[in-house]
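User: I'm new to this one. Could you walk me through it, question by question?

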Amino acid sequence: MSKVFIALQTNDDTRPIIESILADNPHAVPVESPAMIKIDAEGHLTVKRESISELIGRDFDLQELHTHLISLSGHIDESDDEFTLHWND
Amino acid sequence: MQIDLRTVSIKPQRQTYGHIARRFGDKPASRYQEGTFDLQPTANFHYRPTWDPDREIFDASRTRLTMKDWYAFKDPRQYYYGAWTLARARQQDTAESNFDFVESRNLGALLTEDVRRLALDMLLPLRHVAWGANMNNSSICAYGYGTAITQPCMFHAMDNLAIAQYLTRIGLLLGDTSSLATAKEHWLYAADWQGLRRYVEDCLVVQDWFELFVAQNLVLDGLVYPLFYKTLVEDELSLRGGTAVAMLTQFMTEWYAETAKWVDAQIKTACAESPDNAALVRGWVSAWQARALEAVMPLAQSALGERAGAAVDDLATQFAARVAKCGVPA
Amino acid sequence: MDMQVPKKKLGLKERYTLMTRDLAWDTTYQPKEKVYPYADYEGIKIHDWDKWEDPFRLTMDAYWKYQAEKERKLYAIIDAYSQSNGHLGVTDARYLNAIKIFLTAVTPLEHMAHRGFAHVGRAFPGAGARVACQMQAIDEMRHAQTQIHSLSNYNKYYNGFHDAPHMYDRVWYLSVPKSFFDDAITAGPFEFIVSVGFSFEYVLTNLLFVPFVSGAAYNGDMGTMTFGFSAQSDEARHMTLGLECIKFILEQDPANLPIVQRWIDKWCWRGVRLLSIVAMMMDYMLPKRVMSWKEAWEIYFEENGGALFKDLARYGIKMPACAEQIRQEKDHLSHQVWSAFYNYSGATDFHTWMPTEEEMQWLSQKYPDTFDKYYRPRFEFWREQQEKGNRFYNKTLPMLCQTCQIPMAFTEPGDPTKICYRERSYKGNKYHFCSDHCRHIFDNEPEKYVQAWLPVHQIYQGNCFPEGTDPTAPGFDPLAAVLEYYRINVGHDNGEFEGSEDHRNFEAWRGMAKRND
């Protein structure tokens, strides 16, 4: 299985996003660099709107991810509730 | 180590980039200037386009207009990406609250059936007109010359996409998906829309990018926006209790007022450059204006009934005055 | 009345369709071939544009909202950074030379991408694809401008930042990025999007914008960090567009496979050659290093690019043939390119230097198989010479590769002691190449590459002197005339870093910042 990844800036807005991604994807591995974090995961990785909303106490729109995203890899499946990266191999 | 940088006063070596200083002097320059002027390569291209092998990648001969300096086409709004995006985001906030206001108070339901019908019939096919404008402005950006005019045309292309999307939302708010489908049927087959559709499709194949700028941004928008958003929505529909519709098209009204100033500035610059340019622009305006007036006539009749003739005459008079003010010879 | 019926909420996908491709129609007053004249000539067969999957679904309202938020943050940081003389907080003024390369070599490419995506955003017959490309067209303008604006304050205090657009059209080493993008934009729309959207964005820009920009942050350059990460947040969309596009082309017709494979092979190699300058920026120009070029390469090319090729294997796409040479070169690339620029430092708008002993130790550790054996002795020799007052400048113009336009400085695969030369005769002329792969690219499209504006040829032909220059005048100095044509200010912009104006100013200004006298 290939790895997908998502890289985010590290700031106060992304703290709960990172926390919920790691909680929702137990197989994901965070790799920290100056000013950023890269989260690697075998095969697939899902970002869930509901988990983030719970952590921040307001409704989170998954498109808000665009503000903090640095990079990603894999195919994207996007709905109102989930943003998933995956490879098809 | 704590460095208190505030205490340092050091003298800059220069105030701006060399190409900006050569144009405007070595003084602090605006973000618009630094982000726009001389950005496009002009020399020593490596290969000819396989899609246009007779010309260079950027080639001033893609229009018959000639300019000593293509950066004379300044944008009075001084839009660079950041300024444009922030301006549009503010307008989008207003538009959003207008849509919320109409939706939450169910103002659509308070419209009389004939007002709602008229709004849907007349506005929804304009989605496709805006879509054509999107393609045409993308084309001007791609094949035009000099960042000063290509840059705002790409913004204009995206503005037009946004307008098509606002119109779609109006359709979904005052009607449903079938309203959009019906309007598209009208656009494709209803007799009174065919003149306009033919005009738009003919623009899609215009090769001279400045002619396209004239045909699309000056002539077509210059007649369609006042007719539909002013005469029909703000005057006619509001009188008949349709103020809610005017709230939903506020973006278009404000956008047109803003962008018309930019369009006029470009036409003025082109005509002031030389009598040859002025004659070219005159020719393009005359040819396209005649067709555009003919194309909107049946739509004005559907929308305004017997007052259509007078309304279109007014439109033509105002347009002629605008064009004259831009220095287009009579 | 029908308004009272509660409306079904549309899903993201359905709504987005109404907001984009439903706006389009099949023209009848003008034939399709005239409306989309560039759609067919590359031989790519598309049967059904409706099968296009939108790679991301941003309507303009959401686009403006999120982009405005990014812009507000970015410009607030740029303002604060300039107002507080943030440039004095970077680790070392040597670092700024990497940023000069960014402004002259990368920023103009962003503008080219802007125009190129406007072109394909008009040329594709599929409405969904057009909208995605148009959005990328304005994003790329954003990148060009945020870079120009972020670096504007450096230009006020340091040399070499002052004439990026002029230099991009003329300076010898900038013909490498320029010919790369000229190649892409002069290709048909499908090749353009494969080249930029796929090979370049997906496989390669990660290397520039992620580890290099993280390195900028590490070196205290808040301006570059901010525009870099902010730009890369758009790149995530662009990479997705590139990937979607290639999948779409491959799914449309099996006959598209060999064409796409050829493009991937070509652009992978073109991209690798272009990125060799980033290799040098990472290993030699960042005073504090986050990771070596080789490590970044392994993560973003081998691992991430590898995953992509594995994924595309089901369509029959194979890893490009150049992959093996690329694997071998990762141990050598940055050292060879830095050597070349050290040689030709008299003719660049940025400074070079020899690494310190501590830096050489880092390089030995990161490149245990190659640095001490092949590069350290040369660098120590140059350093010794420099200490004796013989700083080496190569004044002989180099031979350039006809395809990538890089001076012949790369070595034979398998023999890092021998410069690699290849040639090809075509219609009575001899053309030179840095590698088998560059020659192969030429062989596929000789009529294109014979047109190349090679800076060295142009200098010898007398085309690179300021207007009105008389090369027959007594005492004519051709190199000085070329530098004047480039607008490189001799003694200010070019040459050795040690003792340069930038070096002296930075030390003096920082000294003032640390004292209160």
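**Helices, chains and a sheet**

User: At what angle do helix 10 and helix 12 of chain B pack?
Analyst: This is a predicted model, where local features need pLDDT of at least 70, side-chain atom pairs count only at pLDDT 80 or more, and totals for chains, interfaces and linings use all residues. Residues are numbered from 1 along each chain as written, with chains lettered from A and ligands numbered from 1 in the order written. Helices (H or I, at least four residues) and strands (E, at least two) are DSSP runs, numbered from the N terminus. Helix 10 (residues 209-239) and helix 12 (residues 250-273) of chain B have axes 10 Å apart (lines fitted to C-alpha atoms, for helices over the stretch in contact; angles run from 0 to 180 degrees between N-to-C directions), and they pack at about 145°.

User: Which helix of chain C gives the most residues to the side that touches chain B?
Analyst: Chain C brings 76 residues to the contact and chain B brings 72, counting residues whose C-beta atoms, placed from the backbone, lie within 7 Å. With 14 residues, the top giver on the chain C side is helix 5 of chain C.

User: What is the strand order in the open sheet of chain A?
Analyst: Four strands pair antiparallel there; pairing takes at least two DSSP bridges between two strands. Strand 2 (29-33) and strand 5 (69-73) of chain A are the edges, each pairing on one side only. The order is 2-3-1-5.

User: Which residue stands opposite I6(A)?
Analyst: Strand 1 (residues 3-9) of chain A is joined to strand 5 of chain A by four bridges, running antiparallel. In strand 5 of chain A, the residue facing I6(A) is L72(A).

Conventions: Two residues are in contact if their C-beta atoms, placed from the backbone, lie within 7 Å.
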